[in-house]
Structure formats: C-alpha cells, structure tokens
Amino acid sequence: MRILILNGPNLNLLGTREPEIYGSVSMEQYLENLKQEFPQHEILYYQSNIEGEIINRLQENDFESLVINPGAFTHYSYAIADCLKNISQPKIEVHISNIYKREEFRQKSVTAANADGILSGFGMKGYRLAILSLH
C-alpha cells in the first residue's frame, strides 16, 4: 500500500519545538522507524507550512491511504477540509498532543468530519497507530 503522511505548519520543527508537548524525536527520525517497521508499504512524506501547497499535494492523488496532521490548519482551514472531502481513499487525522486538553481554539477540528478516524494524544505513536488502522 502507498501511504502518504502529510504534516502541516510548524511540524517541520518536531524534535525541537516544545518537546514537553511534541517530544524530542524529529519526524525524519520517526519516519525511518516507520519505514523499517512497515517495509511492505511505500511510505511517502510531505510537510508544508503553506495551506495551498498542502492542497496541491493532496490533489496529486498518488497514494492509496492518507495519514494527515494538519497542524494549526486543523482548526480553521475549510479549504483543506473541502479538499479532504474529495479524497475517496482511507484517511486518518493524527494529532501528537491531545487537542482536547489544550487551549479552547485547538479543541475544534474543521477537518475531522472528512477523515475516517482521528488519533489524538498518543504522541508520535499516533502515526504508527494510523498505519496499523489502515491494514
């Protein structure tokens, strides 16, 4: 299976950004672990801080399943939500922190209604759990 993991804004800083919330492992390090654990899958990775670039990448439609962490776009990007609505492949929304234990504005996801499932609060393991749920 070809799985696209897509991360939104500021997630390029994983490993150094607020390690008490997001941990101290970079996405590149964790991605290598995922590729080793799931050699039967082709795992693609994309990250952007720019909403339109994320939409363009999603519209390439070259994947069989999607694991997406929209970052802050989760809370207000109706454009990404609309894009997700048009993707028929299985899609899981992941949040490293438990968004429901954070600031009030982070507790709402406008993208969640267009995902097949949501994982929130499992740290980086959320990406692994999402891949397991796609089997």
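Buried here means under 20% relative accessible area, exposed means over 50%, and partly exposed lies in between (1.4 Å probe, protein chains only). Strands (E, at least two residues) and helices (H or I, at least four) are DSSP runs, numbered from the N terminus.

I noted the ground rules. The model is predicted, so I keep in mind that local features need pLDDT of at least 70 and side-chain atom pairs count only at pLDDT 80 or more, while totals for chains, interfaces and linings use all residues. Residues are numbered from 1 along each chain as its sequence is written, and side-chain values use heavy atoms, with hydrogens and water left out.

**Entry: the sheet**

I traced the strand order next. The sheet is open, has five strands and reads β2-β1-β3-β4-β5, with parallel pairing. Two strands pair if DSSP finds at least two bridges between them. At the edges sit β2 (42-47) and β5 (117-120), each pairing on one side only. From one strand to the next the twist averages 20°. Axes are lines fitted to C-alpha atoms, for helices over the stretch in contact, and angles run from 0 to 180 degrees between N-to-C directions.

I then looked at the partners of β4. With β3 it pairs in the parallel sense over three bridges. Ile 68 stands opposite Glu 93 in β4, and Val 67 stands opposite Ile 92. The chain crosses from β3 through α4 to β4, and this β-α-β crossover is right-handed. That means that, with the strands pointing away from the viewer, the path from the first strand over the helix to the second runs clockwise. On the β5 side, four bridges join the parallel strands β4 and β5. There Glu 93 stands opposite Ile 118.

**Entry: helices on the sheet**

Helix α5 (residues 125-133) lies across β1, β2, β3, β4 and β5, and runs at about 165° to β4.

**Entry: helix α4**

I asked which residues of α4 (residues 78-85) are buried. They are Ile 80, Ala 81, Cys 83 and Leu 84. Seen down the axis, the buried residues of α4 fall within an arc of 160°, so they line one face of the helix. The arc is that of the directions from the helix axis to the C-beta atoms. An α-helix has 3.6 residues a turn, so residues three or four places apart point the same way. On the other side of α4, Tyr 78 and Lys 85 are exposed. The cover over the buried residues of α4 includes α3 (51-59), β3 (65-69) and β4.

Not counting residues up to four places away in sequence, Ala 79 touches Glu 51 and Ile 55. Contact means heavy atoms within 4.5 Å.

**Entry: helix α3**

I turned to α3, where Ile 54, Ile 55, Arg 57 and Leu 58 are the buried residues. They fall within an arc of 160° seen down the axis of α3, so they line one face of that helix. What covers them includes β1, β2, β3 and α4. Just after α3, Asn 61 takes a positive phi of about 55°.

**Entry: annotated positions**

I looked up the UniProt record. The unreviewed entry places "active site" at Tyr 22 and His 95. These two are spread over 74 residues of sequence but cluster in space, with a largest C-alpha distance of 9.7 Å. UniProt positions are in the numbering used here, feature names are shortened, and annotations may be inferred rather than shown by experiment.

Is Tyr 22 buried or exposed? Tyr 22 is buried, with a relative accessible area of 7%. It is found in helix α1 (residues 19-22). Leaving out residues up to four places away in sequence, Tyr 22 touches Leu 14, Arg 17, Ile 96, Arg 102 and Met 124.

His 95 lies in β4 (residues 91-95). At 5% relative accessibility, His 95 counts as buried. Beyond its neighbours within four places in sequence, its contacts include Asn 69, Thr 74, Ile 118 and Phe 122.

The same record places "binding site" (unreviewed entry) at positions including Asn 69, His 75 and Ile 96. I found His 75 in the loop between β3 and α4. At 14% relative accessibility, His 75 counts as buried.
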